[in-house]
Amino acid sequence: MEKQSENRCFDGIQGVYSHQSDTCQCPMTFGLFLPEEARDYAVPVLWYLSGLTCTHANAMEKSGAQQWAAEHGIAVVFPDTSPRGDGVADDAAYDLGQGAGFYVNATQDPWAPHFRMWDYICDELPALLTDHFAIDPDRQAITGHSMGGHGALTIGMTHADRFKSISAFAPIAHPTMSDWGIKQLGAYLGDDQAAWARHDATLLMRDHGFDGPILIDQGDSDQFLDLLKPEALAHAIAERRQPAVLRMQKGYDHSYYFVSSFMEDHIAFHAQALYA
């Protein structure tokens with residue numbers, strides 16, 4: 001693993017690191033904020049998964065998460081959204097290929113050799129973090145924005161034994177019924193609808209839900225609202241009687257202005273679960 005940068009930030013350290021990923025078969029980069037407490041003992045960690053076109057840097061630089069994470073003594077990890085590099089498949093469209101990994105393990109060519117973001121986020125990167133940093137593997141929570149909100153919900157519900165809490169900002173909530181999903185799941189996973197269903201938060205909620213707290217914020221002026229389909233997830237939560245808080249925030253769009261406006265709430269929400 002190579003250190004790209006480390007900067008003092010709210011009495012902690014905001015670092016950027018790269019490593020050769022065995023899972024994605026290419027170099028991968030991630031950001032990690034460690035609060036001051038990590039100098040003395042292992043701290044809980046919040047995973048932040050970013051959206052389409054983003055790298056590790058978008059949320060790291062725009063969300064304001066470090067201030068609130070420092071206040072609660074929580075580490076925040078900012079993974080990249082896909083494999084990258086000259087030898088990695090890509091597409092001319094912004095919503096497929098590099099920057100658009102969708103947090104799945106691709107089974108179809110040309111994506112299958114590198115696009116294994118599910119295993120990277122669920123297995124390889126957690127092991128790397130606990131091996132090299134003062135991270136407590138027994139206290140983890142997960143959040144994300146847009147495509148990353150989709151990833152946070154699907155990974156969180158699938159690995160409910162690992163995560164104490166889940167939150168999301170404007171998640172792609174029902175990708176099997178959205179143009180932000182049908183295109184990508186078809187490209188990465190082929191025609192197997194059962195494989196698609198394992199990556200749909202609405203369907204996972206209907207199937208088994210999550211034994212823990214959930215918080216979702218959605219702006220009512222989001223320009224992508226019809227693609228995100230928050231109403232489908234809301235119906236599934238109600239049908240399952242899943243404990244959850246869903247907030248429709250008046251006047252907010254899909255940008256990081258929206259994310260940063262409610263980041264304090266989300267980190268306080270996760271801190272309550274991580275320190276319970």
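Strand 8 (residues 214–219) and strand 9 run parallel and are joined by five bridges, where strands are DSSP E runs of at least two residues and helices are H or I runs of at least four, both numbered from the N terminus. Within this pairing, Gln 218 has Met 248 of strand 9 as its bridge partner. The model is predicted, so local features need pLDDT of at least 70 and side-chain atom pairs pLDDT 80 or more, whereas totals for chains, interfaces and linings use all residues. Residues are numbered from 1 along each chain as its sequence is written, and side-chain values use heavy atoms, leaving out hydrogens and water.

- The open sheet has nine strands in the order 1-2-3-5-4-6-7-8-9 with mixed pairing, two strands being paired if DSSP finds at least two bridges between them.
- Strand 1 (2–9) and strand 9 (245–249) are the edge strands, each pairing on one side only.

**Ser 50**
- Ser 50 lies in the loop between strand 4 (43–49) and helix 1 (57–62), and counts as buried because its relative accessibility is 1%, the limits being under 20% for buried, over 50% for exposed and partly exposed in between, with a 1.4 Å probe and protein chains only.
- Leaving aside residues up to four places away in sequence, Ser 50 touches residues including Thr 81, His 145 and Tyr 256, contact meaning heavy atoms within 4.5 Å.

**Helix 10**
- Helix 10 (residues 256–274) bends by about 45° at Phe 262, as the angle between axes fitted to the seven residues ending there and the seven starting there.
- The buried residues of helix 10 include Tyr 256, Phe 262 and His 266.
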